[in-house]
Amino acid sequence: MIRATSLLMTMYMVFSDDTVMGSNRNRPKYAIETSNLNLWYGDFQALLSVCSKIKAGIITALIGPSGCGKTTLLRCFNRMNERFEGVRVEGSVEILGSNIYDPEVSVVELRKKVGMVFQRPNPLPLSIHDNVAFGIKVHSPRRSLNKYEIDTAVQKALQEVFLFDSVKDKLRRKGTELQLEQQQKLCIARLLPLKPELLLMDEPCSALDAAGTEAVEELLLSLRGQYTIVIVTHNMAQARRISDECIYMLNGELIEHGETANLFLNPKDKRTEEYIEGRYG
Amino acid sequence: MQQIEKHSLTDKLQDTSSGTRPGPASGVSRGTLGAFLTHIRRIRRVVSERTIVCLIYICGVSAVIFVFGIFFFVFREGAPFLEHGFKAKEFFLSPDWYPTSATNKRYGILAQLVGTGSVTLVAMLVAVPFSLGTGIFIAEFCGKKTREIMKILVELLAAIPSVVWGFIGLMVMNPLIIKLTGAPIGLNVLNAGIIVGLMSVPIIVTIAEDAIRAVPDTYIEAAEALGATRWQLVRKVILPAAKSGLLAAVLLGVGRAVGETMAVLMCTGHSINIPFDAKVPFFHVLESVRTLTATIAAEMGEAPRLEANADGTYPTEALHYQALFVIGIVLFAITFVINITADMIVKGIRRKK
């Protein structure tokens, strides 16, 4: 009986398009698994055998003092570190079950599945519409999409980030002309038409004021469940507010990983405790 | 003023410290001598400071002075023609250039204008795709080492003297064009266009590369994080963002092509001819032309500079020399407009950032 129900459930998930984007998607438990991940910038080792398992569908925050390697770790998840010269990676990062550092993995496909939001909002110097449409245009063969499909996808993405109502009359204006908060929302919106599994956020609120931060945090909470979100933050209060799990890093090492409430209330490691109490960092 | 006071103060401090050193001078004379030396030093510092500032100032304005000086002298030599023989309509719209005719001297530069234009057009058709391609390759596609080597090689292209380019046009391109196209003569618009195009490659490449590398890294990072491939990145992000800089690069290349003289003189065939007509293909690149610059270079030596008569009029033979200077003014105006436009485009980019 149970088997039959679960089979039905699986069939429902496979055949219903809604659930693919829905929160009860049939995904592996862990979205990201790193094992013995080491990374060097030239001679400097920035990550020391990091082993982590990041659960799917929740918000995980990476916290730690400046230079502890949290951004480096984040940038490993979509191989953005390869942009820099002299970067060497050892170990493996499995995203949704496959090692992304395998030679046959396509970086283009990986980055389609794993979206990234940066510290400073960086909309492309294109119109708001084209910014959101950039991803799907890049990933579809030429002329395979008609204007209607693109426009619908753009509208849907902008609605998902609560930006559509304020920009619907100026979709042809440049994305770089928006306020910073709106720019950051736009940067999140442009990832969504690609239907990513993961959203990586590198201090997405550090350039924003309090109101902008609140708006973006609200947005993240609304996206929670649909996407696996990994967020790097300097702001411990923010980590507490929005994350389900927290990873504390120090000097390239993963010190502690646990439920946010637990980690902040009874940290297991002395160093975590000291950081949370604000003794350093 | 404050600075000078500070200097003298440090001088005094140094002086007292040097006073502790055992020396031959007695205590009394050391005080007065020290004050005197301090004074001299101060004066010397002020004077040398002012001299250097003055020298730098002179160097700074000299460029402006030279530009205005050149314009003044060119204009002065051409002015009598503008006053007496100049009819704008005939000058710009007639292709009849007979400055040394015994009976009917005519000064029309339409053919030369068109010649310059057609050579420039072909040159840009050759240079722009090559240079932009090279610029994109150097800036985005190649490694650090290749980039350095490529840049040196491209700049080496700029170091080839224009007469050597002309030589190549004359001895290499000429027989090649005759052989490949069957044209009766290989010294024509195509030949000069290719040579001048290659000559303007370095300037376009250098500026285009700068423009491409000036595209903020955040744009590139954003596009890469969205999974854009290298070419998509270039086509959809970098080229649109560097658009104005690339346009400025092309314009400076045009300026170079318009101003080029020696190579053009050797490669165009130097004949008064308009290579356009109503027959297909309208633009006949295998015809010889003459350009503004080449006209000046070829004829200046034989055109006599004659003084005015007592009544202020000039002998008709004098007009040739003066007309050449008016051509110089026209050239000056063309390149001036091109450079100013390019400059304004580049400034526009900076202001936007």
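This is a predicted model: local features need pLDDT of at least 70, side-chain atom pairs count only at pLDDT 80 or more; totals for chains, interfaces and linings use all residues.
At what angle do α4(B) and α7(B) pack, and how far apart are their axes?

1. In it, α4(B) and α7(B) pack at an angle of about 35°, and their axes are 6 Å apart. The crossing of α4(B) past α7(B) is right-handed, and the residues that make this contact divide by class into 21 nonpolar, seven polar and three charged.

2. Helix α4 of chain B, which spans residues 110-141, also packs against helix α10 of chain B, residues 243-259, at an angle of about 140° and with the axes 9 Å apart. On the α4(B) side the contact is made by residues including T116(B), V119(B), A123(B), M124(B) and L132(B), while α10(B) contributes, among them, L246(B), V250(B), G253(B) and V258(B). By class, the contact of α4(B) with α10(B) holds eleven nonpolar and four polar residues, with no charged residues.

3. A further partner of α7(B) is helix α5 of chain B, residues 144-159, and the axes of α5(B) and α7(B) come within 8 Å and cross at roughly 140°. That angle makes α5(B) oblique to α7(B). Here α5(B) passes α7(B) in a left-handed crossing. The residues that meet are V154(B), E155(B), L157(B) and A158(B) from α5(B), and V201(B), P202(B), I203(B) and V205(B) from α7(B). Seven residues of this contact between α5(B) and α7(B) are nonpolar, none is polar and one is charged.

4. The largest nonpolar core of the model has 137 residues, and those with the most contacts inside it are F77(A), V230(A) and I195(B). Its largest share, 16 residues, comes from helix α7 of chain B, residues 189-213. Leaving aside residues up to four places away in sequence, F77(A) touches I32(A), V93(A), I95(A), V114(A), L198(A), L200(A) and V230(A). There is also a second, separate core of 17 residues, which includes Y107(B), A318(B), A323(B) and L324(B). As general background, nonpolar side chains tend to be buried together in soluble globular proteins.

5. Turning to the interface between the chains, 17 residues of chain A are in contact with 15 residues of chain B. On the side of chain A that touches chain B, the elements that give two or more residues are α4 (107-113) and α5 (128-139) of chain A. The largest share of that side, four residues, comes from α5(A). By class, the residues on the side of chain A that touches chain B comprise eight nonpolar, four polar and five charged.

6. A last point concerns Q45(A), which lies in strand β2 of chain A, residues 44-55. Is Q45(A) buried or exposed, or something in between? A residue counts as buried with 20 or more other C-beta atoms within 10 Å of its own and as exposed with 12 or fewer, and Q45(A), with 15 such atoms, is therefore partly exposed. Not counting residues up to four places away in sequence, Q45(A) touches N38(A), W40(A) and G252(A). The C-alpha atoms of Q45(A) and V87(A) are separated by 9.6 Å, although these two residues are 42 residues apart along the chain.

Conventions. Residues are numbered from 1 along each chain as its sequence is written. Chains are lettered from A and ligands numbered from 1 in the order in which they are written. Two residues are in contact if their C-beta atoms, placed from the backbone, lie within 7 Å. Ala, Val, Leu, Ile, Met, Phe, Trp, Tyr, Cys and Pro count as nonpolar, Asp, Glu, Lys and Arg as charged, and the others, Gly among them, as polar. A nonpolar core is a set of buried Ala, Val, Leu, Ile, Met, Phe, Trp, Tyr and Cys residues joined through C-beta atoms within 7 Å. Axes are lines fitted to C-alpha atoms, for helices over the stretch in contact, and angles run from 0 to 180 degrees between N-to-C directions. Angles under 35 degrees count as roughly parallel, over 145 as roughly antiparallel, 65 to 115 as roughly perpendicular and the rest as oblique. A crossing is left-handed if the near helix is turned anticlockwise from the far one by less than a right angle, and right-handed if clockwise.
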